[in-house]
Structures are given as structure tokens and as C-alpha cells.
There are 2 protein chains.
Amino acid sequence: MERSRDVYGGRPRGFILWFTGLSGAGKSTLSQAVRLRLEASRPVEILDGDEIRTFLSRGLGFSKPDREENIRRIGYVARLLARHRVAVLAAAISPYRESRDEVRRLAAEQGIPFLEIYAQAPLEVLVQRDVKGLYKRALAGELPNFTGISDPYEPPEAPEVLIRTDQEPVAQGVERILQALRGRELLEPA
Amino acid sequence: MERSRDVYGGRPRGFILWFTGLSGAGKSTLSQAVRLRLEASRPVEILDGDEIRTFLSRGLGFSKPDREENIRRIGYVARLLARHRVAVLAAAISPYRESRDEVRRLAAEQGIPFLEIYAQAPLEVLVQRDVKGLYKRALAGELPNFTGISDPYEPPEAPEVLIRTDQEPVAQGVERILQALRGRELLEPA
């Protein structure tokens, strides 16, 4: 809802950076690095997909409707925080385009800037890295709904920032995200 | 987590006012009235039990474990917001003492002030009022888990504020809540 006075003393606006991409593509790494750059000068909160599953989505699985519901919940909390001027960094696989677009639309309805950050790397690279050992299990048929292997991932068609995490160093990806924020006057010039 | 600098420019601290009580006892009325008094000078957010059920707890019912999970989720979101200096007004029946105490404990762990506000009125009065027509249905045996009729309500043992909503006018209840905040230096003196 709109407020009649600025009860925040002119502090920076809230916004949502929505990190999407396959498991292991670098969403958490990037969001944590962005947080480090922002948190000295403004409120920041990371909404991590795994954490949210523990705290808000216990009981939900990885079927399409359950994933959609999970994303809807992250979106709801992200808007609540962004409304109060927090820079929200949401990092969740969020494989369905329609779900991400719904969060974007609901943010726009409340005047909250929403930037989609696509952390991308070729599947072969992720399978090779396999930090959590999940790809191995998914390829062995042990994980029935594993995004990219046994479950679909619908890449963003027009992400505000696309980062090829197998080619760009983290610091460069972060810099491009900050640039995107500066371009929208969501961050002071460097 | 702790922050090294005050990125909020000395704005007021966040806190949680947790309104508990039977359906129709006045939780929403009181929380909305408190919001009106606070929102001119500071960020405020109401977390309404019914709204949360729509956005974060679709699929949860009214069994004990489901109610506990619902309260846990409201508590999680309340802490996220309060951490960013929002005055959070949570209004949910929250019938189980243990659930409310858990939210209180987790808030305390993060240094977030938590005040339990007990909106109380005798069951006879609520049955007589029956604004939503729910007591009639519950007494007819149509609502199997209706707090106060077919489901337990465990009253707070030491609420920070107890308001007898059948005896006190709303304005007086609100004033006592504001006094409790002033007493804890969470609100400027009147």
C-alpha cells in the first residue's frame, strides 16, 4: 500500500534481484558476493531456495505445482521485504518461466523493481563440477525430479543480466549486476 | 546476523507484537488500530493469519501440527521483517502456548523484542457476537477444528498486554499497547 509520508528518512528503495539457473550454476555464490557489496550501505536480505524450503515450504516436493507454490512463497516474502526498502536477493532454481514472470508481475504491481539474473553454465560443466554430488545421483536415476536431468528448466527469454558462470569470474558478474542497478538508479554511481 | 554499520540511519528498531486470542476476540481490529498509530512515524507491517494461510500455508489445515507449522512460518517472516526495523503486527489465533513461546524464543535469539498481546473475551460473548457466523457452525458440529469449541486454546500465562475486548474500548487497548512499547523504548514518549 502507498504511504502518506516517508517514514524511512529517504533511505534507498527496495528491489528484488531474482537469481535463476540450474543447480550449481552459481546463484548462491553470486548472491552472496552481491550482498557483500551492498550491505555496507543498505539493508540486504538473501532468500535462499533451500532455506525457504525448510522454513516456509516443508511438505512441498519437486512436482510442478509444488515448485510453483514454493516460488510464489519466496515471491510473497520478497515483496514484503522490498516494500520496506530491503534489497532482496532471491536465489532459487525457479525452473518455470511462468512462475518467475508471475513474481515479476506482482512486484511491478507494487512498484517494486525486479531484475532477473540468469546464472548460466552448460550442463556438461555442471555435471563435471557436481559440487553436491547431485548430478551423479540424478544421472543414475536416483532423483526423479532433478532440474536439467529429469525435470525441465525454462531459461529466461530476456533476463536483465545473464552471467556465463563458466566463463566470467565472479567479480565481473557482480560488477555487471551492480551496473544494472546503477542504470536503474537503485544504487549510487561507483 | 550482526551488521558492522548502521545502514538504516538510526531509524527505530524492529519488534514483533504477537496478537493471540479466539476468533472474533479483536486481534485484527486492535492490530489495525495500532498500525494507524504507528505508520506515520515508522515502517509497519501486519501479518494476518488468514492472509498468511493464503500466501504461505496453502495446503495446511487446522490439525495441531498444521497450526504449529503455520505459526512457525508467520514467526519466520515476522523475524525477517523485524530484523529490517519493521514493526510487525502478527494477528493469528495461535492457540498453542508452545508455538507462541517458540516464536518468542527465536526472536529473542536474534535480539528482536517480542510482545504477546492477548485479546480476550468470554466465549459466551464471542458466540453472541459471531461476526463471521463461524461459532454457530462450530456449535452445530460443522467445523471439526474450531478453536474454543471443538479445538483447544491455551491462554498466555504472562502476556505483555492483556486486553479484555468486551470491557475495554479499542482506543484504550491501543493506548495500553503503545504504553508497553514506550516502556521498552520501542516508541518515543507521547
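The model is a predicted one, so local features need pLDDT of at least 70 and side-chain atom pairs count only at pLDDT 80 or more, while totals for chains, interfaces and linings use all residues. Residues are numbered from 1 along each chain as its sequence is written, and chains are lettered from A and ligands numbered from 1 in the order in which they are written.

Let's start with the sheet. Strands of a sheet pair through backbone hydrogen bonds, either parallel or antiparallel. In chain B, five strands line up as S2-S3-S1-S4-S5 in an open sheet with parallel pairing. Strands here are DSSP runs of E with at least two residues, helices are runs of H or I with at least four, and both are numbered from the N terminus; two strands pair if DSSP finds at least two bridges between them. At the edges sit S2 (44–48) and S5 (161–164) of chain B, each pairing on one side only. From one strand to the next, the twist averages 20°. S2(B) runs parallel to S3(B) (residues 87–91), and five bridges join them. Val44(B), for one, stands opposite Ala87(B) in S3(B).

Helices pack on this sheet too. Helix H3 (residues 64–83) of chain B lies across S1 (15–20), S2 and S3 of chain B, at about 165° to S3(B). Such angles run from 0 to 180 degrees between N-to-C directions, with axes fitted as lines to C-alpha atoms, for helices over the stretch in contact. H7(B) touches S1, S4 (114–120) and S5 of chain B, and its direction makes about 175° with that of S5(B). Contact means that the C-beta atoms of two residues, placed from the backbone, lie within 7 Å.

Next come the two chains together. H3 (residues 64–83) of chain A packs with H3(B) at an angle of about 25°, their axes 10 Å apart. That makes H3(A) roughly parallel to H3(B) (angles under 35 degrees count as roughly parallel, over 145 as roughly antiparallel, 65 to 115 as roughly perpendicular and the rest as oblique). Val77(A), Leu80(A) and Leu81(A) of H3(A) meet Val77(B), Leu80(B) and Leu81(B) of H3(B). By class, this contact of H3(A) with H3(B) has six nonpolar, no polar and no charged residues (nonpolar covers Ala, Val, Leu, Ile, Met, Phe, Trp, Tyr, Cys and Pro; charged covers Asp, Glu, Lys and Arg; the others, Gly among them, are polar).
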